[in-house]
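I opened my notebook beside the viewer today and jotted down what I looked up, one topic at a time. Follow along on your own screen if you like.

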Amino acid sequence: MVKTSWQRGNGLFGKRRVLGGTALAASLLVGWHGPVHAGSAFDRLPKPPSAATVERLAEVERSLPLDDREDFDFAARGFIAPPLDPQIRNASGEVVRDLTGYGLYAGSRPASVNPSLWRQAQVMGRPGLYQVTPSVFQVRGMDLANMTVILGKTGYILVDPLMATEAAAAALKLVRARLGDRPVTGIILTHSHPDHYGGTAGVLTEAQLRDHSVPVLAPGGFSAAALSENVVAGPAMSRRNNFMFGMYLPFGAQGAVSYGLGPAFKGGLAKGTISFVPPTEEISEDGARRTIDGVDIEFMITPDAEAPSELMFHLPGMRVLCGAEILTATIHNVQTLRGAPARDARKWAEYIDVAMKRFGDRTDALVTSHFWPRFGQAKIGDYLRHYRNAYAFMHDQTARLMNDGYTPTEIAERMALPADQSRHWYNRENYGTLRHNSKGIYDRYLGWFDANPSNLDPLPPEQSAPRYVEAMGGHDRAMKIAAAAVDGGEYRWAAELLKQIVFADPARQDGRYLLADAYEQLGYQAESATWRNFYLTGAQELRSGAPTTAYDVSGDFLQSLPLTAVLDVLATRIDPARIVGQSVEIGLRDGRQAELVTIEDGVLTHRAITPKDAPRARVSGDTRAIVAMLLGKPVAASTVAQVEGDRAAVELLRGALASPIPNFNIVTP
């Protein structure tokens with residue numbers, strides 16, 4: 001029998017073991033070729049899973065309750081029909097959602113995918129229209145989120161009409177083809193993330209969009225939260241989204257297989273039109289009741305947990321609870337990798353507890369904004385209790401260890417659910433992770449600083465990395481140490497070393513390629529889809545560079561906002577170096593609002609204009625035209641903004657606005 005030594009890829013175990021039997025057979029099947037860097041052979045080619053990765057994932061597989069098939073049964077229940085077309089296209093004929101890759105999940109697990117993550121992708125791997133109850137349906141698998149459909153007296157009430165308008169329109173077309181050609185009579189947006197509201201314009205007619213005749217209900221603070229999370233930080237968030245959702249990864253066993261909240265699409269998530277339709281009503285009162293198209297709805301307001309603005313709701317006449325994204329089939333994020341304020345894990349647990357007590361004995365079916373439904377009062381009750389306990393555990397144990405003096409990294413190493421909790425599939429880490437959640441909880445209480453004085457004012461990587469490499473004996477010596485770590489399966493440690501090597505001398509390809517190899521193995525091992533996508537995207541960019549195209553999560557959101565909100569965003573794009581020693585006052589009027597804009601000391605401020613104000617220039621037009629003029633974007637001649645007075649003042653403002661860098665470096669300096 002051939003034998004070789006390996007080390008656990010997570011770096012927590014120092015003992016060497018012997019690879020043999022099943023692990024060896026699996027490694028041969030995937031083409032494992034021994035230590036890939038023997039003789040310093042560094043190249044940009046993707047690598048298959050190493051022996052250490054194969055054995056690590058085999059060990060994970062042995063620990064999982066794979067005989068528990070309840071989720072498969074829940075996910076298959078009520079299936080009506082697949083999508084009308086597995087390729088969803090935009091008006092130009094470009095494919096924006098390609099569902100043809102779902103056949104991947106019918107096969108056996110690839111050795112390059114964590115078995116827990118593979119199982120989750122399999123459960124979600126059948127897109128189409130499903131019946132949940134006689135009056136509640138869902139379209140699943142046609143975008144990142146679900147679109148829930150409630151039958152009203154005359155039409156359809158749509159919940160969370162997806163992220164892309166094209167996908168939402170295709171989902172509604174499927175509903176009408178199978179359930180009848182009824183109008184949309186109401187929309188509920190459960191929270192302020194674009195995968196739940198971006199498709200709204202795709203399910204409303206031009207007349208409905210214009211006259212606001214369809215009620216669009218959202219939680220209190222929805223518009224402000226959407227602005228804060230998706231526009232002010234939109235460019236940076238979009239870039240990080242590239243990593244988190246593997247926007248440019250190839251679809252398949254060595255690339256994207258899941259988004260954590262939904263199965264991955266062939267061709268990725270980076271295409272499609274994201275719209276913003278302002279709500280006709282924002283509901284802030286917990287327990288508020290509304291009737292839409294004859295359907296009674298009871299709302300539960302849940303801010304500052306999964307989203308800054310969110311609600312759950314109950315359909316008392318149908319005995320259905322909608323858990324929005326407070327309830328999912330995986331551990332969620334307390335602090336998401338794409339970037340957002342740390343969420344409140346304590347409130348998250350409390351909201352679940354309230355929902356359990358308020359609606360538990362009145363609920364026979366549970367639907368959520370992602371994943372599959374749950375059925376039966378007892379099973380739903382068990383789920384709510386154990387899912388609540390997971391968030392309470394993360395919060396309480398982080399606080400306990402924090403108060404014992406442990407740092408975020410130390411707490412993360414110690415954070416694990418009790419065995420009887422982690423055996424529940426919904427408490428697995430297919431999206432969020434306990435390690436990162438504990439860091440988010442720490443950050444919410446104490447901020448980023450771990451209290452070690454050396455971290456008060458650390459050197460930036462470009463300055464510290466060359467010194468680390470020098471301390472290791474120079475580039476060649478550091479590479480030998482790193483290559484040994486990679487070949488030994490110590491990928492976390494290898495990544496630490498190689499990060500220094502790459503930032504010390506990014507032009508040296510050997511360090512970039514070896515770091516890509518380490519990231520790749522960490523990606524294969526990851527149970528979390530977002531971790532996998534981050535690692536594999538990092539490897540991809542080290543080998544091939546950043547993408548030349550950019551995915552903008554904000555879409556045309558900016559031009560749809562009130563003028564005051566637009567100005568809040570533009571204030572964050574002022575480059576002080578472009579307007580040194582200069583000041584300007586301009587009046588802007590969009591027909592609804594008139595604002596005096598002042599730039600002074602490199603800061604843009606604004607307030608309502610008064611009759612006493614005498615700005616050097618005045619600009620009028622609709623918001624879209626004003627934004628287009630200031631940002632230099634094309635606009636129809638009929639909507640061009642009009643300028644009166646000193647045009648030089650307007651040019652001064654335009655010149656001070658810097659365009660965000662869409663594909664800034666992440667894995668290299």
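**Entry 1: strands around E19**

I began with strand E19, which pairs with strand E22 (residues 617–620) in the parallel sense, over four bridges. I picked out leucine 588 and found its bridge partner in E22 to be valine 619. A note to myself before going on: this is a predicted model.

Next I looked at E19 (residues 584–589) against strand E20 (residues 594–600), and here the pairing is antiparallel, over six bridges. Which residue of E20 is the bridge partner of glutamate 585? I found threonine 598 there. The hairpin of E19 and E20 has four residues between the strands, and glycine 591 in that hairpin takes a positive phi near 95 degrees.

Aspartate 293 has a positive phi of about 50 degrees. I located aspartate 293 in the loop between strand E13 (289–292) and strand E14 (295–301). Is aspartate 293 buried or exposed? Its relative accessibility is 17%, so I count aspartate 293 as buried, the cut-off being under 20%.

Phenylalanine 371 is also not a glycine, and its positive phi is about 70 degrees. I found phenylalanine 371 in the loop between strand E17 (365–367) and strand E18 (374–375). With 4% relative accessibility, phenylalanine 371 counts as buried.

**Entry 2: arginine 374 and its partners**

I found aspartate 71, with the closest N and O atoms 3.4 Å apart.

How many salt bridges does the structure hold? I got 35, and I wrote up some others.

Glutamate 413 and arginine 435 form a salt bridge whose closest N and O atoms are 2.7 Å apart. This pair joins helix H12 (residues 408–414), which has glutamate 413, to helix H14 (residues 434–446), which has arginine 435, and the two residues are 22 residues apart. Glutamate 413 is partly exposed at 30% relative accessibility, and arginine 435 is partly exposed at 22%. I also logged a network in which salt bridges that share partners join Asp43, Lys47, Asp517, Glu520 and Arg543.

Aspartate 181 forms a salt bridge with arginine 176, at 3.6 Å between the closest N and O atoms. Aspartate 181 counts as exposed at 68% relative accessibility, whereas arginine 176 is partly exposed at 29%. While there, I saw that arginine 182 lies over the face of tyrosine 156, 5.6 Å from the ring centre.

My search of the whole structure for aromatic pairs gave 20. I took phenylalanine 222 and phenylalanine 276 as my example: the ring centres are 6.2 Å apart and the planes are at 10 degrees, so the pair is stacked. Phenylalanine 222 is in helix H8 (residues 222–232) and phenylalanine 276 is in the loop between helix H9 (234–244) and strand E12 (281–283), so the pair ties together parts that are 54 residues apart in sequence. Phenylalanine 222 is buried at 0% relative accessibility, and phenylalanine 276 is buried at 8%.

**Entry 3: asparagine 114**

Last, I looked up asparagine 114, in the loop between strand E5 (95–98) and helix H4 (115–123). Asparagine 114 counts as buried, at 2% relative accessibility.

What does the side chain of asparagine 114 reach at 2.9 Å? I found the backbone nitrogen of serine 116. A polar atom of the asparagine 114 side chain also lies 2.9 Å from the backbone oxygen of glutamine 525. Leaving out residues up to four places away in sequence, asparagine 114 touches Leu57, Val60, Arg109, Tyr524, Gln525, Ala526 and Glu527.

Definitions and conventions: Residues are numbered from 1 along each chain as its sequence is written. This is a predicted model: local features need pLDDT of at least 70, side-chain atom pairs count only at pLDDT 80 or more; totals for chains, interfaces and linings use all residues. Side-chain values use heavy atoms; hydrogens and water are left out. Buried means under 20% relative accessible area, exposed over 50%, partly exposed in between (1.4 Å probe, protein chains only). A polar contact is a pair of N or O atoms within 3.5 Å; within protein, one must be able to donate a hydrogen and the other to accept it, and residues adjacent in sequence count only if both atoms are side-chain atoms. Contact means heavy atoms within 4.5 Å. Rings of Phe, Tyr and Trp (its six-membered ring) pair if their centres lie within 6.5 Å; planes under 30 degrees apart count as stacked, over 60 as edge-to-face and the rest as tilted. A charge sits over a ring if NZ of Lys or CZ of Arg is within 6 Å of the ring centre and within 35 degrees of the ring normal. Two strands pair if DSSP finds at least two bridges between them. A salt bridge is a side-chain nitrogen of Lys or Arg within 4 Å of a carboxyl oxygen of Asp or Glu.
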